[in-house]
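Dear colleague,

Please find below the structure that I am handing over to you, together with its sequence.

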Amino acid sequence: MAFKFRRALIEITNGCNLACGFCVVSARPRGVMPLALFESAAAQVKEFAAVVSLHLLGEPFMHPELPEILRAASRLGLHINLVTNGTLLEKFGPGLFAEPCLEQVTVSLQALAALPGPESARVLRRLAAFVGTRPEHIITSFRLRCGRQDPFFKEVSAFFLGAFPCAEDRGRGALKLAENVYLNTGPLFNWRGGRSAGAKSCLGLRHHFGILYGGEVVPCCADYDGALAFGNIRTTPLREILNSPRAAALRVSIASVNAMPDYCGQCGFLQPG
């Protein structure tokens, strides 16, 4: 029986138009997933995951064939979450967001801290305008990850509260700004080397898995260079990769702090026990 996941991550490119201080620098060269490889990956992923996030490293709007990728996802009946830094939403025109596959746009607001103040403010205004023009069924999730005393946190929070005065506090750092529009706040993610005290397990290969732009299958988004890659869809069907003894052993290993691989043990995003 196929192991079922809540989500799959497909990295269509690891290239980005920003150089954020909080992000990692990949050892892999910049590249894009060919459209044909995406179509193969997406067709195979559909069997295993309810939602597909176009995310791992990189900015999806840097892929020159993003409209074709979304059209392929629509043909396959996928449910897509488009994860972006929000600076290039207008690149392909408003028709991009009419694709039936597109169910959520997740904007990582922390990336805007890398921009000069006036440019960051302009992007925020464009994001607020996007809310009013997108198809209403598309969930828009703005994510702000930094300390509440950080000046950037205060600036961005104040902007959204001003732009959406009827926002509802949903608790646990979540605000409902409008119908299907949310602002979610929390601490900044720590990459490998910043493991949180008391962390005991990981949901990689239980909740999700990823496919890098070169076809390598990885257990999670923190494996951005494929250190734990356990197959490649260019040479082996995804069903065979995910149901292999190697995948089963890795799933058990990263779920337990006692047997966790060294690579995972240094991650700052492990789930608390």
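His 208 is a buried residue, because its relative accessible area of 15% falls under the 20% cut-off. Please bear in mind throughout that the model is predicted. His 208 lies in strand E10, which covers residues 208–211. Its side chain forms a polar contact of 2.9 Å with the side chain of His 207. Leaving aside residues up to four places away in sequence, His 208 touches Phe 5, Arg 7, Leu 203, Pro 219 and Cys 220.

Leu 37 and Arg 234 are 197 residues apart along the chain, yet their C-alpha atoms are separated by 7.7 Å. Arg 234 is also among the residues that Leu 37 touches; the others are Tyr 213, Gly 214, Gly 215 and Ile 233, again not counting residues up to four places away in sequence.

Helix H2, residues 66–75, is largely enclosed by the rest of the structure, because 7 of its 10 residues are buried. The buried residues of H2 are Leu 66, Pro 67, Ile 69, Leu 70, Ala 72, Ala 73 and Ser 74. They pack against H1 as well as against strand E2 (49–54) and strand E3 (80–84). Just after H2, Gly 77 adopts a positive phi of about 75°.

The remaining point concerns a pair of helices. The axes of helix H3 (residues 117–133) and helix H4 (residues 151–163) come within 11 Å and cross at roughly 35°. The crossing of H3 past H4 is right-handed. On the H3 side, the contact is made by Ser 120, Leu 124, Arg 125 and Ala 128. H4 contributes Phe 152, Glu 155, Val 156, Phe 159, Phe 160 and Ala 163. Sorted by class, this contact of H3 with H4 comprises 7 nonpolar, 1 polar and 2 charged residues.

With kind regards

Key. Residues numbered from 1 in each chain as written. Predicted model: local features only at pLDDT ≥ 70, side-chain atom pairs only at ≥ 80, totals over all residues. Heavy atoms only, no water. Axes fitted to C-alpha atoms, helices over the stretch in contact; angles between N-to-C directions. Helix = DSSP H or I, 4+ residues; strand = E, 2+ residues; numbered from the N terminus. Left-handed = near helix turned anticlockwise from the far one by under 90°. Contact = heavy atoms within 4.5 Å. Nonpolar A, V, L, I, M, F, W, Y, C, P; charged D, E, K, R; others polar. Buried < 20%, exposed > 50% of the residue type's maximum accessible area, 1.4 Å probe, protein only. Polar contact = N/O pair within 3.5 Å; in protein donor to acceptor, adjacent residues only side chain to side chain.
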